[in-house]
Amino acid sequence: MRPVLLPPNPVQHFYLGGDRIAALRGIEPETDRQPEEWLASTVSRFGSDRVGLAVTEDGDDLRDLVRADRAAWVGARGGRDAADLGILVKLLDARQRLPVHVHPDRGFAASHLDCPYGKTEAWYVLETEDDCAVHVGWKRPVDRDELDRRRDAQDGEWMLAHMNRVVVRPGMGVLVPAETVHAIDGGIFLAEVQEPTDFSILLEWSVTTSTREESHLDLGFDTVMPSVSTDALDADALDALISTAGETPAGTRFRSLLPAAADPYFRLFDAAGETERREAGFAVVLVSGGAGAMVSDAGSVEVEGGQVYAVPHAFGEWRLTGDAEVLVAAPGAGWPITLRDGSVR
Ligand SMILES: O=P(O)(O)OC[C@H]1O[C@](O)(CO)[C@@H](O)[C@@H]1O
């Protein structure tokens, strides 16, 4: 089985952006609020059963292809359901600051949302304007009642002033554990790898087209606020969430781009040129530049900058030839066993 080419799959959203995705993927944005593309997604937006789903060039839902031949796509038993690929990959092209928001962990999702995944996520910075930052975790512990009041007053300035501000550069990776407050400045273009859900708690809906009623997962703030951490994320803990491997050029080895703490959830690598062989396994490949081929015993696929592929396990071990550069996203180490054994929160 060979990798499947995926046409652009832009997603309309509640924040501005999308021109850099359009340029990379060779499309005209339909609106100025098209800031995300969901790559190889077999999950849809919260509240929708279609938006976000990847469709192949032949018009098939990737979800249906995976369901029909799970062993070939995933090569392992288990997962949330027959279409589960263990990760969701997005391009995220912000032209305004994203709202301060939070995602639940697996325990909360299991007990309130009937889902074994939470939404731990990680960002890999592709491009940024000067002095753009991400905002991750609280600098000091915050009081829960005060946070409720600031949320009700939509006091985003207070929230940001209490959060860690990290100026980013291309090639930086940032892991955002579930329950951690976060926001992304306008001007940043990144690849995001996350657990395959769309569970968000918006603390600051007023800078978006979203409403308060759309901000608490239909569960009410009283229910969701306990999954918003009010603890401090201190300097050492923040350091452990940041990687800088990608600030030097990609080489012929598949190089891990995210902090080690991301490994149980998802992995992201880059490589370029005539690469070493990569193990078999489901992967999402973004060709970030150049041209070449993905080659395995199952065949060869010509690739060029701007393309996205879903690579099935049954493609086997593969390598890159030519002068293409790729980003490769893969499920976490030990997945899907880790989904049920309670070792990942
Ligand atoms: O999860 P929401 O509410 O769509 O938030 C907007 C975006 O923010 C992110 O969580 C990044 O912080 C994206 O995964 C998401 O699409």
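## Contacts with the ligand

A polar atom in the side chain of Gln194 sits 3.2 Å from an oxygen atom of the ligand. The protein wraps the ligand up well: on its own the ligand has 370 Å² of accessible area, and the protein covers 97% of that. Keep in mind that this is a predicted model.

The side chain of Glu192 brings an N or O atom to 2.6 Å from an oxygen atom of the ligand.

## Who surrounds the ligand

There are 19 residues around the ligand, and the ones that come nearest are Glu36, Lys119, Glu121, Glu192 and Ser200. Sorted by class, this shell holds seven charged, six polar and six nonpolar residues.

## The pocket itself

Now for the space the ligand takes: it is the largest pocket. That pocket has a volume of about 560 Å³. Its lining is made of 30 residues, and His13, Phe14, Arg45, Asp198 and Ser200 are the ones that lie nearest the centre. S4, S6 and S10 are the elements that give two or more residues to this lining.

How values were computed
Residues are numbered from 1 along each chain as its sequence is written. This is a predicted model: local features need pLDDT of at least 70, side-chain atom pairs count only at pLDDT 80 or more; totals for chains, interfaces and linings use all residues. Side-chain values use heavy atoms; hydrogens and water are left out. A residue is near a molecule or strand if one of its heavy atoms lies within 4 Å of it. A polar contact is a pair of N or O atoms within 3.5 Å; within protein, one must be able to donate a hydrogen and the other to accept it, and residues adjacent in sequence count only if both atoms are side-chain atoms. Accessible areas come from the Shrake-Rupley method with a 1.4 Å probe; for residues, only the protein chains shown count as cover. On a 1 Å grid over the protein atoms alone, a cavity is a set of points where a 1.4 Å probe fits but cannot get out, and a pocket is an open set with protein on both sides within 12 Å along at least five of seven lines; lining residues have an atom within 4 Å of a point. A molecule sits in a cavity or pocket if more than half of its atoms lie within 2 Å of its grid points. Ala, Val, Leu, Ile, Met, Phe, Trp, Tyr, Cys and Pro count as nonpolar, Asp, Glu, Lys and Arg as charged, and the others, Gly among them, as polar. Grid points are joined across faces, edges and corners, and a volume is the space filled by probe spheres set on the points. Helices (H or I, at least four residues) and strands (E, at least two) are DSSP runs, numbered from the N terminus.
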